[in-house]
Amino acid sequence: MQKKTITEQEALVKLSGLCVKAEHSSGEMLQKMRLWQMADDARERVLRQLVDQQFVDDARFAKAFIADKIQYNGWGRRKIEQALRLKGVAESIYMPILDEVSDEEYLAQLRPLLKSKWKQIRANSDYERSGKLIKFAMSRGYTLDIIRQCIDSAVEADWE
């Protein structure tokens, strides 16, 4: 059974409906149209209409995505960068927005995360525990300088 091809108008209606419900990147819209097996030129025309009608705005998407991932998921800069790349957002769009995020915002998310993790880590020494903590924070996308700031500023008595 062959899949029914979708027309440009149907794609525009479906995608604009998605964009009304939540922010989406141009990369996500192109991926959906690829799955629908639309021709390259048709995908470009539909995307151009979505952008012109302000359904899709990668800068607006990046700003919302970054804020959500920091506040609700506790992600660090590196993990956010990788996710935005996968979503098809251009580096020239998301880097200035990421640069606006202060170290203090990352530290505010990382401190409680590391504090709770500190109690769960089994290690023979504080050095080994710190190493495991650093590895954990890096897996969440935090940069080493932010992690070091957080660990160095923590009073051990406060974490135990």
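**Figure 1. Ser16 counts as buried, at 14% relative accessibility.** Here, buried means under 20% relative accessible area, exposed means over 50%, and partly exposed is in between (1.4 Å probe, protein chains only). Before we look around, note that this is a predicted model: local features need pLDDT of at least 70, side-chain atom pairs count only at pLDDT 80 or more, and totals for chains, interfaces and linings use all residues. Residues are numbered from 1 along each chain as its sequence is written, and side-chain values use heavy atoms, with hydrogens and water left out. Ser16 sits in helix 1, which covers residues 8–21. Helices (H or I, at least four residues) and strands (E, at least two) are DSSP runs, numbered from the N terminus. Leaving out neighbours within four places in sequence, Ser16 is in contact with Leu50 and Phe55; contact means heavy atoms within 4.5 Å. Look for Gln49 too: it is 33 residues from Ser16 along the chain, and their C-alpha atoms are separated by 9.6 Å. A polar atom of the Ser16 side chain lies 3.1 Å from the backbone oxygen of Val13.

**Figure 2. Glu81 is a buried residue in this model.** Its relative accessible area is 8%, so Glu81 falls in the buried class. You'll find Glu81 in helix 5, residues 77–86. Which side chain does the side chain of Glu81 make a polar contact with? That partner is Arg78, at 2.9 Å. A polar contact is a pair of N or O atoms within 3.5 Å; within protein, one must be able to donate a hydrogen and the other to accept it, and residues adjacent in sequence count only if both atoms are side-chain atoms. Not counting residues up to four places away in sequence, Glu81 touches Tyr94, Met95 and Leu98.

**Figure 3. Ser26 is in helix 2.** That helix takes in residues 26–35. Is Ser26 buried or exposed? With 12% relative accessibility, Ser26 counts as buried. Setting aside residues up to four places away in sequence, Ser26 touches Leu47, Val56, Asp58 and Gly88.

**Figure 4. Gln37 and its positive phi.** Most residues other than glycine have a negative phi. Gln37 isn't a glycine, yet its phi is positive, at about 60 degrees. Gln37 belongs to the loop between helix 2 and helix 3 (40–52). At 57% relative accessibility, Gln37 counts as exposed.

**Figure 5. Gln54, with a phi near 60 degrees.** That is a positive value in a residue other than glycine. Where is Gln54 found? Gln54 is in the loop between helix 3 and helix 4 (58–71). The relative accessible area of Gln54 is 60%, so it is exposed.

**Figure 6. Zooming out: the chain has ten helices and zero strands.** Along its principal axes, the C-alpha trace spans about 65 × 40 × 25 Å. The chain has a radius of gyration of 21 Å, while a compact globule of 160 residues would have one near 15 Å. That radius is taken over C-alpha atoms, and the globule rule is 2.2 Å times the number of residues to the power 0.38. Of the 160 residues, 39% count as buried. Among contacts in the chain with a separation of 6 or more, 60% come from residues 24 or more positions apart.
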